[in-house]
Each structure stands twice: as C-alpha cells, then as structure tokens.
Amino acid sequence: MSYPVVARPRPYLVRVKAGRMYFWCRCGRSANQPFCDGSHRGTGFEPLRYVAGPQDEDLLFCGCKDTRSAPFCDGAHNNLPGGSPLDDPLSPANRAIPTVERRGPRALLNSGYVFSPGVATMLTEGALRYCYLVTAQMGATHQTQVLLELPAGQTSPVMSLDGCELILFVAAGSGMIEISGRDFPVAGTDGVYVRPGEAIRLKSHADALRVFALGSPGAELHWPAEMPLSFDSTYAQRVVSVDPAQRVAMGSRYFQLLVDKRIGSRVITQFIGHVPCSKAAPHRHLYEEAIIVLRGEGYMWTEDRKARVAAGDVVFLPSRQLHSLEATSADGIDVVGVICPGDNPSINYYD
C-alpha cells in the first residue's frame, strides 16, 4: 500500500480531553475515524500519537490523510474530489431563505453581519476620516476593524491600537505608512503588518488613501501626541504585495496569503482571494473572519438568512457561524479576508 485511503474529503471535528493520548489514523482504513482501530496492519502505515494540551478543546483532525500538518487538517482536502462542494442557490430550501435588509449600515445575519461603510457615519481626527466596522460591541471576540480614509496630499495624526497586533489593507490610493519612525511606500492591494506597541501615521500622495485596519485583541483607536520610535527591527519586512505566483487553489477558488506568520503575525492572518460565479456549500470555521468585498456582487448566506454584498462591503462572521458566500457577478467576487486567531484560511468543516 503506497498511499493512504481517503477516509473522507473533509476534516473531523473532535472535542479532545486535556492530557489524553490519541492515535490518529494514517492509513485511512480505520472504521473509528479519525483514530486508529488497528486496520493499518500490513499496510506499512503506523498511527500518529497525539497528546492533548492542558485543557479540553475542539480540534479538526485530517480525514483525507494528505495533510502536511498531521494529525490536523491543513486544507488539502479542498483539492480532492468532493472536497470543495458547491450548493444550489435555487434549490427549494434556499429559495425559502429571505434576504435581510440593512438597519443603518448593517444587515444582520444569524450571527455576524454585512456592513456597508458607504452609508455609515464617519468620525474625524485631523484630516483623517474613520469608522468602526467590527468591535466587541458588534459581537467580535478577537478583533477590532476600522476603515481609515485620508484625502490626497494629507498626513494623518499618529494612531495606535494599544497592545494589538495590527494588519492593514490598502484598498485604494498610494502613499507612505510610517510605523514607529520607519516609512514604507504602499499602494492598492498591499498588506501591512504592525507589531504590538508600535504606532502608525498615513501619508497620501496624489490620490486619497483608503485603508482597512484590523487589530487583535480588540481595542479602540488611540491618538498619541508624538510618534513613538519603537520600531521592532527584528521584523524588518512589513509590506506584502499581491503576487499571482503565490496563489493557492481551493477547488475553483484561490487565495494568496498576504500578512501571516512568515513576517511575524502570530494571531492574525490576512489573505486576498477570488470566488468564481457560484455558491459554496455551507461550512464553518473555528476562527473569526472578516471579509472585505473588493469587486463583484453576491450574497452572504447563514442558516436562515442571506444579505446582499457588493464592492466596499465588509462581512463579519463569528467563530463556528454556518455560512456560504455566493458570487452572482459573471466574473465572480474578489475579496480580502482576515482570520483570527488562525493561520490557514483553507481550513473549514461541515459537521
């Protein structure tokens, strides 16, 4: 037996008990998935021993046996037959699900919401306009997201999200982002990483800057009187640009990691991706997710609600919320997503 059997093309959600030992099935033949029942004998495969940590927790164990993060799922199942299923938006059950309308800037889903910044009230600080998109008061546990807008040729006040890891996404414009005394040129679709304890200042060029800033854990914006010269030079790379060569396929979809653990971000992971004209099968994640729609239109579905999404909208989904993004535009939808805490946006489950 040269290759393991695919037990199923999706992971197994398991509640592990603190300190308990588990033996993950490598061969795929066990009738006690995802754990070993002795069926590997004679196959050349041996189970992998895993000892749970100091507290009970939910984990996703690999079911396809193709993971590079054994015994856990790493999203490899998405590119196997049946591993990235679609859903029919015109099925009788889906036709019965109503479209919810906005209440102010938000359309409320079962949990989470779609936020339309174009109809939100903007606050000001100096030349900067801003509004909160995701906060603890809106249901988030691990993040705060803020939209920052700076007119052409302007400099923002110094700002920080105290104690947070901070990830920025440049949605439009070009300019400089100063991070605790270091300047970094940026342009549209760049991702930017800011270390805890650092502060930022935006400087726009000939066009306005539109930047989404997300910090974890959640906090409010602060406005230091002076820029602290606290740049952490241990992490020199702070800007990541789009590179089609770095795309990762997920069935008919794809994504590229922008800011992640490779440049020091341990809590938040940012990606940019594309969803073709289709509706993904409803699924869940063990992390919170915030999605910015860059181009295209469609719907975000939850258990018994759906809300329209269009370019400029932000979707917030709490951990474990059943959801499905449908792209109705012929050319699909382009998105930027942020997950926290987490490091792999391709890990999902259907249980």
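**Ground rules.** I worked on a predicted model, where local features need pLDDT of at least 70, side-chain atom pairs count only at pLDDT 80 or more, and totals for chains, interfaces and linings use all residues. Residues are numbered from 1 along each chain as its sequence is written, and side-chain values use heavy atoms, with hydrogens and water left out.

Entry: Strands here are DSSP runs of E, at least two residues, numbered from the N terminus. I counted two strands as paired if DSSP finds at least two bridges between them. Three strands make an open sheet, ordered 13-12-15, with antiparallel pairing. From one strand to the next, the twist averages 25°; axes are lines fitted to C-alpha atoms, and angles run from 0 to 180 degrees between N-to-C directions. Strand 12 (residues 174-179) pairs with strand 15 over five bridges, in the antiparallel sense. I then followed Ile-177: its bridge partner in strand 15 is Leu-202.

**Entry: strand 9.** Buried or exposed, I asked of the residues of strand 9? Seven of the seven residues of strand 9 (residues 144-150) are buried, so the strand is largely enclosed by the rest of the structure. The cut-offs are under 20% relative accessible area for buried, over 50% for exposed and partly exposed in between, with a 1.4 Å probe and protein chains only. In a regular strand, side chains alternate between the two faces of the sheet. I checked each face of strand 9. Thr-144, Val-146, Leu-148 and Leu-150 are buried on one side. Gln-145, Leu-147 and Glu-149 are buried on the other.

Next I traced the neighbours. Strand 8 (residues 128-134) runs antiparallel to strand 9 and is joined to it by five bridges. Tyr-130 stands opposite Leu-148 of strand 9. Strand 16 (residues 209-216) also runs antiparallel to strand 9, with seven bridges. Glu-149 has Arg-210 in strand 16 as its bridge partner.

**Entry: two loop residues.** Ser-156 sits in the loop between strand 9 and strand 10 (160-161). Its relative accessibility is 4%, so Ser-156 counts as buried. What does Ser-156 touch, not counting residues up to four places away in sequence? I found Leu-128, Leu-150, Arg-201 and Leu-202, taking contact as heavy atoms within 4.5 Å.

Thr-43 lies in the loop between strand 2 (21-24) and strand 3 (48-51). Thr-43 is at 5% relative accessibility and therefore counts as buried. From Thr-43 to Ala-310 I noted 267 residues in sequence and 51 Å in space, C-alpha to C-alpha.

**Entry: pockets.** A pocket is an open set of points on a 1 Å grid over the protein atoms alone, where a 1.4 Å probe fits, with protein on both sides within 12 Å along at least five of seven lines; lining residues have an atom within 4 Å of a point. A volume is the space filled by probe spheres set on the points.

The largest pocket holds about 450 Å³. It has 21 lining residues, with Tyr-287, Pro-341, Gly-342, Asp-343 and Ile-347 nearest its centre. Strand 4 (residues 57-61) gives the largest share of this lining, three residues.

The second largest pocket has a volume of about 370 Å³. Its lining has 18 residues, of which Asp-74, Val-248, Phe-255, Asn-344 and Ser-346 lie nearest the centre. Strand 19 (248-250) and strand 20 (253-257) each supply at least two lining residues. Strand 19 gives the most, three residues.

Technical notes
Helices (H or I, at least four residues) and strands (E, at least two) are DSSP runs, numbered from the N terminus.
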